[in-house]
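Work through the exercises below with the structure open beside you. Try each task before reading its solution.

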Amino acid sequence: MDHEPTLPPTLQNVIDQTTLKWIFCGGKGGVGKTTTSCSLAIQLAQVRESVLLISTDPAHNLSDAFGQKFNKDATKVNGFDNLYAMEIDPSSSLQEMVEQSQDNGMMGSMVQDLAFTIPGVDEAMGFAEIMKHVKSMQYSVIVFDTAPTGHTLRFLSFPSVLEKALGKLSALGGRIGPMLSQISSMMGGQPGMQDDLFGKLEGMREVINEVNTQFKDPEKTTFICVCISEFLSLYETERLVQELTTYEIDTHNIVINQLLFPKKDSNCEHCRVRTAMQHKYLNEAYELYDEFFHIIKLPLLTEEVRGPEKLKEFSKMLVEPYKPSN
């Protein structure tokens, strides 16, 4: 595993890029995304004014990683002055919105039915709620600990899904708004209710538009792929890189986690076989990505990385390449 990398094998490039506003960490389930995103947020907190770490994975792991309970409100992480964390479930954000619109009686449920006829719009609306929430907060940089790959890719395509959906709804609102207003008042609804609803949708569309533009700007957004040195994980990473390129989202860092570095005098057969397999896929990763990507190698540790102190210790390996003791 002594390949000489073309680019520095650290995430220092991300920490040094002060224009970055959105950083995503993603990959297959169980490869160490949460540990990587928490560690990166800790390193960023040393150089940025304020850092927000958001988990959009329904199996929220931030609470477990830091040993502290987080929810949908940004909470300061124990032991840090400028690092905050929050855990959001996009589908529950949508649920709240639905409940609000149900208060608007027939009009609300009608718009709701209209909205749900557009494929993928439920998750996309949840995403819009998150973005509205996040945009109102003043943080220097926001790190996303995302759900496993498939969900992440959907999450990143939401701005364009929503853009289309809200465009349709706004156009519809302009055409049938006056008629709905008459029907609504005949049925005892509040006057101006649909204007309020379509106004909300329009406001959401503007937020999404802006976020979409920022996501496609490599000065503001980057995606860090996290994987392990195995066939399936590498395959998934390649798919992720291809899709990110399709969405025009910058990616130039790959973290390869859980690598074995057996001692020279080790006679463990299991370790030898696993190391040879990892070596094979690591070489493939270098062949595929070495020219344009920073490839960061992290070791498989003998204990879990949990709690602020262990995460601080682990985070150093993102900026200083790991060197096995033997």
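Helices and strands here are DSSP runs, numbered from the N terminus. The model is a predicted one.

**Exercise 1. Where does Glu-248 lie, and what is its phi?**

Step 1. Glu-248 sits in the loop between H9 and E7.

Step 2. Read the angle. The phi of Glu-248 is positive, about 60°, although Glu-248 is not a glycine.

Step 3. Most residues other than glycine have a negative phi.

Step 4. Turn to Gln-258. Its phi is near 60°, again positive in a residue other than glycine. Gln-258 is in strand E7. Gln-258 is partly exposed, with a relative accessible area of 27%.

**Exercise 2. Find which residues of H10 are buried, and work out how they are arranged around the helix**.

Step 1. List the buried residues. They are Thr-275, Gln-278, Tyr-281, Leu-282, Ala-285, Tyr-286 and Tyr-289.

Step 2. Look down the axis of H10. The buried residues fall within an arc of 155°, so they line one face of the helix.

Step 3. Check the other side. Arg-272 and Glu-287 are exposed there.

Step 4. Find the cover. Helix H9 (231-246), E7 and E8 are included in what covers the buried residues of H10.

**Exercise 3. Find what covers the buried residues of H11**.

Step 1. Describe the helix. H11 has 12 residues, 308-319. Its first and last C-alpha atoms are 17 Å apart, close to the 16 Å expected at 1.5 Å a residue.

Step 2. List the buried residues. In H11 these are Leu-311, Phe-314, Ser-315, Met-317, Leu-318 and Val-319.

Step 3. Name the cover. It includes helices H1 (12-16), H2 (33-45) and H3 (62-66). Strands E7 (253-259) and E8 (294-299) are also part of it.

Step 4. Look at Lys-312. Lys-312 lies over the face of Phe-80, 4.9 Å from the ring centre.

**Exercise 4. Is Thr-36 buried or exposed, and what does it touch?**

Step 1. Thr-36 lies in helix H2.

Step 2. Apply the cut-off. Buried means under 20% relative accessible area. Thr-36 has 0%, so it is buried.

Step 3. Follow the side chain. It reaches the backbone oxygen of Gly-32 at 2.8 Å.

Step 4. Look beyond neighbours within four places in sequence. Thr-36 is then in contact with Val-226, Val-255, Asn-257 and Leu-318.

**Exercise 5. How many aromatic pairs are there, and how is the pair of Phe-24 and Phe-144 arranged?**

Step 1. Count the pairs. The model has 12 aromatic pairs.

Step 2. Take Phe-24 and Phe-144. Their centres are 4.6 Å apart, with 10° between the planes, and the pair is stacked.

Step 3. Locate both rings. Phe-24 is in strand E1 (residues 22-26) and Phe-144 is in strand E5 (residues 141-145). The pair links distant parts of the chain, 120 residues apart.

Step 4. Check burial. Phe-24 is buried, at 0% relative accessible area. Phe-144 is buried too, also at 0%.

Step 5. Take Tyr-289 and Phe-293. Their ring centres are 5.1 Å apart and their planes are at 70°, so this pair is edge-to-face. Tyr-289 is buried at 3% relative accessibility, and Phe-293 is buried at 8%.

Step 6. Find the cluster. Ring pairs link Trp-22, Phe-24, Phe-144, Phe-215 and Phe-223.

Definitions and conventions: Residues are numbered from 1 along each chain as its sequence is written. This is a predicted model: local features need pLDDT of at least 70, side-chain atom pairs count only at pLDDT 80 or more; totals for chains, interfaces and linings use all residues. Side-chain values use heavy atoms; hydrogens and water are left out. Helices (H or I, at least four residues) and strands (E, at least two) are DSSP runs, numbered from the N terminus. The expected span of a helix is 1.5 Å times one less than its number of residues. Buried means under 20% relative accessible area, exposed over 50%, partly exposed in between (1.4 Å probe, protein chains only). Contact means heavy atoms within 4.5 Å. A polar contact is a pair of N or O atoms within 3.5 Å; within protein, one must be able to donate a hydrogen and the other to accept it, and residues adjacent in sequence count only if both atoms are side-chain atoms. Rings of Phe, Tyr and Trp (its six-membered ring) pair if their centres lie within 6.5 Å; planes under 30 degrees apart count as stacked, over 60 as edge-to-face and the rest as tilted. A charge sits over a ring if NZ of Lys or CZ of Arg is within 6 Å of the ring centre and within 35 degrees of the ring normal. The arc is that of the directions from the helix axis to the C-beta atoms.
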